[in-house]
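Good morning, and thank you for coming.

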Number of protein chains: 2
Amino acid sequence: MNLKQLSASLGLSQTTVSRALNGYPEVREETRLRVQAAAHAANYSPNTRARRLATGRAMAIGHVMPLTGREELVNPIFADFIAGAGEVYAREGYDLLLRMVPADGSEAAYRQMASNASVDGVMVQAPTLDDGRIALLQELGVPFMVHGRTAHPERYSWMDLANIRAFRRATDLLLDLGHRRIALLNGQETLDFARRRRTGFEEALAARGVAANPFWMRSEVMTEQYGYRAAGEMLDSSTPPTAFLVSSIIPAIGVRRAVGERGLRTGRDVSIICHDDVLSYMDNEGVTAPEGPAFTATRSSIRAAGRRCAEILLTLIDNPSHPPIQDLWETDLLLGRSTGPAPL
Amino acid sequence: MNLKQLSASLGLSQTTVSRALNGYPEVREETRLRVQAAAHAANYSPNTRARRLATGRAMAIGHVMPLTGREELVNPIFADFIAGAGEVYAREGYDLLLRMVPADGSEAAYRQMASNASVDGVMVQAPTLDDGRIALLQELGVPFMVHGRTAHPERYSWMDLANIRAFRRATDLLLDLGHRRIALLNGQETLDFARRRRTGFEEALAARGVAANPFWMRSEVMTEQYGYRAAGEMLDSSTPPTAFLVSSIIPAIGVRRAVGERGLRTGRDVSIICHDDVLSYMDNEGVTAPEGPAFTATRSSIRAAGRRCAEILLTLIDNPSHPPIQDLWETDLLLGRSTGPAPL
DNA sequence: CCCTCTCTCCAAAGCGCTTTGGGTTACGCG
DNA sequence: CGCGTAACCCAAAGCGCTTTGGAGAGAGGG
């Protein structure tokens with residue numbers, strides 16, 4: 001059933017039927033009801049392809065999911081981010097177009113999405129310090145929203161965590177507990193957020209006159225294994241760290257495993273603070289319980305970030321001349337059972 | 001730049017330019033090269049919206065991501081599955097349309113995708129025993145592919161693991177190691193795959209005359225917390241299990257945590273076998289290492305499954321009268337460090 | 001030399017919707 | 001009674017592509 005048939009069956013023009021269904025005022029209320037009833041009865045729903053061509057709007061947002069590293073891993077953090085964004089898109093009638101690309105192919109993907117007009121806007125995630133995608137998208141004139149920032153975050157819209165403050169505060173907490181040998185298991189420091197977290201970490205150490213030890217600082221893709229291996233090596237060294245600051249709950253799980261296998265107790269022998277993105281299946285258990293969460297953590301829901309980013313992007317699409325929207329979120333610092341005073 | 005402008009600039013008709021670019025034989029090779037060069041120079045790429053309307057093909061596949069449970073969790077397993085499928089779609093020029101829906105809204109989502117012709121086919125994941133989506137899609141006449149099966153998997157295309165055999169074999173291994181008190185931490189048994197796994201588990205026990213204890217059998221959304229809590233409760237009971245069979249590596253991590261917190265050693269005091277979907281950031285570390293993987297596991301890459309499902313779906317789309325394609329995969333049983341002889 | 005193919009290319013008709021630019025009717029008002 | 005103005009509705013023109021049904025020009029065959 002298409003518009004033509006529907007309008008013929010009603011004895012009305014396509015114009016009128018279209019207007020009736022799309023809520024335009026030029027049609028009598030009585031007619032509108034009649035049309036709606038008929039449309040419903042015939043199970044009519046407009047062909048999106050035709051509608052998109054006619055309106056010039058794709059009613060779709062492009063997301064690009066990079067496959068990271070040699071093994072082309074999929075970051076589970078993206079799943080929750082996308083879920084948050086997807087909720088907003090669904091509510092507003094937009095589709096989410098997802099494209100998987102190898103780490104080096106993302107610019108091409110954005111270029112293509114933009115040039116063949118298959119989306120109304122795109123989401124940029126995990127920018128590097130000097131991310132080429134931003135200049136590209138500005139040049140192409142596509143509305144876009146960045147989750148995270150670059151080193152020069154002036155002329156575009158973004159939403160980011162206050163990463164420096166978050167990690168500075170977390171480091172301060174460890175220092176307050178008496179820890180001096182603190183390891184940083186960071187994400188890839190080509191990414192801006194990781195760089196900022198490191199800055200926060202180093203600032204806090206410097207403020208107390210504690211030297212940062214390069215052996216205790218790592219920067220890798222944030223897998224469980226990474227946490228396990230890195231922590232294992234450090235714990236087996238002659239001067240093991242007494243505390244770990246970890247950039248995600250996933251490698252933190254690996255750290256906990258390494259600690260446990262050595263017969264040490266997390267929160268007593270070794271302290272761990274991680275960043276908690278509030279991942280769906282990796283809940284930092286016991287957040288509301290009296291005993292507190294498993295991990296002491298800087299906390300901010302990646303899903304909420306997805307929602308917020310989507311909302312901003314849709315605002316920009318509706319209003320292309322809107323000035324950049326920039327939103328900086330503070331993180332919570334949650335005290336859990338993974339931290340304690342430094343052992344003597 | 002659109003077709004009209006491009007063909008005007010070349011002094012050719014739109015027909016010829018279109019044909020030249022799409023590889024039709026009715027155009028002289030010399031002309032084709034000239035057209036391609038001009039298209040490239042002008043950075044022309046056809047408007048997908050127009051192309052889709054003209055061809056009647058959406059060049060897109062619909063995926064529906066259900067948000068499970070009260071908290072609308074996002075299953076990270078979907079991320080890897082989608083990544084696998086997305087690789088294939090990208091290669092074949094298809095877009096991936098992703099829609100997030102609350103657990104009860106998925107039928108509506110499929111109906112809508114199909115009726116407004118915004119996709120050429122849809123992927124169905126995690127079917128229940130008697131999943132209504134299948135009848136719906138058959139009625140709507142949309143090509144679809146099911147990852148998993150229902151209780152009556154005759155008339156449609158699917159790809160699934162041999163779940164009964166996998167869990168039967170895993171249970172046999174535990175029995176061979178002398179375990180008699182074996183717990184099953186299963187996924188939600190409204191889902192077909194979970195039901196089959198339970199069947200495999202029960203069959204193996206029955207074959208050895210071991211009674212299944214309902215207290216040791218759970219069925220829930222497969223979070224880390226679930227594994228932690230369930231294992232904790234069981235371990236604290238008067239007759240704790242000596243082994244756990246767990247439906248995913250994520251709750252298995254929770255089980256390991258519960259074991260560790262009680263001062264017990266995984267693989268010595270308590271054995272764990274889990275199903276390993278080979279999740280990106282949750283690699284069952286050490287698969288190729290001499291010491292073996294961390295978890296003994298039934299193993300099958302969910303990402304490879306995504307690829308396979310996508311390939312089958314595209315085959316069905318290209319050839320609508322193709323008979324159902326059904327593919328059953330065996331799992332590997334990987335011996336790791338999480339299993340050992342039952343303690344006396 | 002004429003006829004028939006084959007090669008190339010083109011004009012125009014969709015695809016199914018939205019939207020522009022009227023047209024008609026009914027009504028209120030002077 | 002005539003005219004202006006809402007209120008409704010319609011025909012037709014796109015949107016930018018693909019595809020159908022030729023048409024013109026050479027080439028080859030008799």
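Which helix gives the most to the surface near DNA strand C? The answer is α4(A), with 5 residues. This is a predicted model, in which local features need pLDDT of at least 70 and side-chain atom pairs count only at pLDDT 80 or more, while totals for chains, interfaces and linings use all residues. Residues are numbered from 1 along each chain as its sequence is written, and chains are lettered from A and ligands numbered from 1 in the order in which they are written.

Let me stay with the DNA. A residue is called near a strand if its C-beta atom, placed from the backbone, lies within 6 Å of it. Of the 26 residues around DNA strand C, those that come nearest are A:N2, A:L3, A:S18, A:A54 and B:T15. Both chains take part: α1 (3-10), α2 (14-21) and α4 (48-55) of chain A, and α2 (14-22) and α4 (48-55) of chain B, each supply at least two residues of this surface. Helices here are DSSP runs of H or I with at least four residues, strands are runs of E with at least two, and both are numbered from the N terminus. By class, the surface near DNA strand C has 9 nonpolar, 12 polar and 5 charged residues. In this scheme Ala, Val, Leu, Ile, Met, Phe, Trp, Tyr, Cys and Pro are nonpolar, Asp, Glu, Lys and Arg are charged, and the others, Gly among them, are polar.

For DNA strand D, there are again 26 residues around it, and B:N2, B:L3, B:S18, B:A50 and B:A54 come nearest. The elements that give two or more residues there are α2 and α4 of chain A, together with α1 (3-10), α2 and α4 of chain B. The surface near DNA strand D divides into 9 nonpolar, 12 polar and 5 charged residues.

I turn next to one of these helices. How is α2(B) placed against helix α3 (residues 29-41) of chain B, and what is the angle? The two pack at about 90 degrees, with their axes 9 Å apart. Axes are lines fitted to C-alpha atoms, for helices over the stretch in contact, and angles run from 0 to 180 degrees between N-to-C directions. α2(B) is therefore roughly perpendicular to α3(B); the cut-offs are under 35 degrees for roughly parallel, over 145 for roughly antiparallel, 65 to 115 for roughly perpendicular, and oblique for the rest. On α2(B) the contact is made by B:T16, B:V17, B:A20 and B:L21, and on α3(B) by B:T31, B:R32, B:V35, B:Q36 and B:A39. Contact means that two C-beta atoms, placed from the backbone, lie within 7 Å. The classes in this contact are 5 nonpolar, 3 polar and 1 charged.

Now to the meeting of the chains. In this interface, 46 residues of chain B are in contact with 47 residues of chain A. On the chain B side, α5(B) has the largest share, 8 residues. That side divides into 24 nonpolar, 13 polar and 9 charged residues.

Where do the strands come in? Strand β2 (residues 95-102) of chain A pairs with β2(B) in the antiparallel sense over 3 bridges; two strands pair if DSSP finds at least two bridges between them. A:L97 stands opposite B:L97, and the bridge partner of A:L96 is B:L98. The open sheet has 12 strands with mixed pairing, in the order β11(A)-β5(A)-β4(A)-β3(A)-β1(A)-β2(A)-β2(B)-β1(B)-β3(B)-β4(B)-β5(B)-β11(B). At the edges stand β11 (326-329) of chain A and β11 (326-329) of chain B, each with a single partner strand, so one side of each is left without a neighbour in the sheet. From one strand to the next, the twist averages 20 degrees.

Chain A as a whole has 12 helices and 12 strands. Its C-alpha trace spans about 90 × 45 × 35 Å along its principal axes. Of its 344 residues, 51% are buried, that is, with 20 or more other C-beta atoms within 10 Å of their own; 12 or fewer count as exposed, anything in between as partly exposed, and C-beta atoms are placed from the backbone.

Finally, A:V278 has a positive phi of about 60 degrees although it is not a glycine. A:V278 lies in the loop between β9 (271-276) and β10 (296-299) of chain A, and is partly exposed, with 18 other C-beta atoms within 10 Å.
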